[in-house]
Amino acid sequence: MSAGAPGGAEPLLSLRDVRKSFGAGADRKVVLDGVDLDVTAGSCVVVVGSSGSGKSTLLRVVDLLEEVDDGQVLLDGEDVADPWVDADAVRARLAMVFQQYNLFPHLRVLDNVTLAPRVVHGMRRKDAEEAGTAMLERVGLADKARAYPDQLSGGQQQRAAIARALVSGPELLLLDEVTSALDPELVGEVLDLLLSLRTEGVAGRPTTMLVATHEMAFARDVADEVVFLHAGRVHERGTPAQVLGDPQHDRTREFLRRLR
Amino acid sequence: MTAGADPWVPSPRAAARDAFRRAQRRRAVLVASVATVVVVAAVVYVVTTAPGWERAREAFFSPERAWEVLPEVAEGLWLNLRVWVVAGVVGLVVGMLLAVVRTSRIPALFPLRVFAVVYVDVFRGVPLLLVLLLVGFGLPALRLPWLPVEAAFLGGLSIVLCYTAYLAEIFRAGIESVHPSQVAAARSLGLTRAQAAWRVVLPQAVRNVTAPVASMLVSLQKDSGLISILGAVDAIRAAQIATTGDYNFTPYVVAGVLFLLVSIPLTRLVDAWSARQGWRGELRGVSGAGVVR
């Protein structure tokens, strides 16, 4: 399956008319209002939109951390939103990186990385640590393997979280505002790493990504497709040049203007 | 999108998922019920087929005897409840004061701070039973004319001494759990140290320790029964007296049931109250905190 193959290949992930609301009755707030989205294996889709537009909820729905009200979440054609699907098995095929890193503070960096390989994928400690060390090397943290998360800078913590997400070879990497909590001078190291995951990949395969971000530069440089989400609806989608360079909708123009 | 105008009608797919989830919930209820019935049946079987069951039932679960002694034991419980309320109020107030003194940095309070540390160390470290015996038999030996020597007073005093120390430690943990940046924010607004403590730190400290304080108060309620050691006629002592004639232990069971009748609703009440206040620790304010499947 080639990256971003037009038409031909079936997408790895498809959302069809996904709806999600929180609360009930008068307090009910619609967060996703019929979202359609496709991610082809090997490609990178970037979701942009102001805070509250539903970006994070969209990613959490894909990772089955939220139950949808309606619609389909198709992973390789299987509707994983159905409650009779084994959600743990689905989540084991995906990986998510969070805005606040969410490293486990009681575990060393290497143990953070090897937890899922050992506990979920049944690897022996020795093999898991080998794979974990290789992955920490890949993200440039080989010397921090024995450190605890609170001994690292924000950028290092986020790179460790990315290593933890990638070590089990996920089919799809979900990135939720991964640079938003970082000091400005630390954003670069994380974005550089994500860029290299696209160009060089891991073990020669570019990482398939679904990204929610405020970093327009990242969207411009890395995305195969940019999706503009507003009030739980996709208002515009296309190549970065189309959506960011020549937006067709007023909402998109307004959003981009306010970023400058 | 206009608020309120949501034309969404659940699809057949959503309906099927809901039906599945409902079926799962029904199954969970069924499993829970069957498990409960099996466990209860097993306990009942083991107890009722025990060789001594007939005699034990007579000695511990005689309905007539229970009915007879109920007024006396209930009257004893009234004393427990009074001791509980007074000891609880005094313990809360003094415990809070000790915690504030101990965490304050005011130089003039240094002697009080030392006293607080020593006091807490001593009364947290000595068994409550021992304090009861020493206070109950030691203080009257001093023959101070102004000191009441009723067993209920001395017993209550012992309980207050110990529980104040426990509560002080809980409040201290609560005060120390409030992040220093909160004090910085308050001081930067111009609040004095005392104002910052009273308006910003203490309210948050109290919220953080509601659950452990509540469980302390529940355990204070049952420990109020220890005053019977000194001869105060509380529920336990009343039950004890009632058993002496005929070696029928039903009064103890009656006393136990009465204690439960007070403490179980109390625990539930505190749980419901703190849940309503949204005081349940880490989860407050986190959206979508529960992973569903």
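These legends describe close-up views of a predicted model. Local features need pLDDT of at least 70, side-chain atom pairs count only at pLDDT 80 or more, and totals for chains, interfaces and linings use all residues. Residues are numbered from 1 along each chain as its sequence is written, chains are lettered from A and ligands numbered from 1 in the order in which they are written, and side-chain values use heavy atoms, with hydrogens and water left out.

**View 1. The annotated domain of chain A.** UniProt, in an unreviewed entry, lists "domain: ABC transporter" at residues 13-256 of chain A; such annotations may be inferred rather than shown by experiment, and their feature names are shortened and positions given in the numbering used here. This span is 36% helix and 24% strand, with its end C-alpha atoms 27 Å apart. Helices (H or I, at least four residues) and strands (E, at least two) are DSSP runs, numbered from the N terminus.

View 2. The "transmembrane region" spans listed by UniProt (unreviewed entry) include residues 113-139 and 151-171 of chain B. Residues 113-139 of chain B are 93% helix and 0% strand, and their end C-alpha atoms lie 26 Å apart. For residues 151-171 of chain B, the figures are 100% helix, 0% strand and 30 Å.

**View 3. Helix α1 of chain B and its cover.** Ala14(B), Arg17(B) and Arg21(B) are buried in α1(B) (under 20% relative accessible area, 1.4 Å probe, protein chains only; exposed is over 50%, partly exposed in between). The cover over the buried residues of α1(B) includes β4 (70-75) and β5 (78-79) of chain A, where contact means heavy atoms within 4.5 Å.
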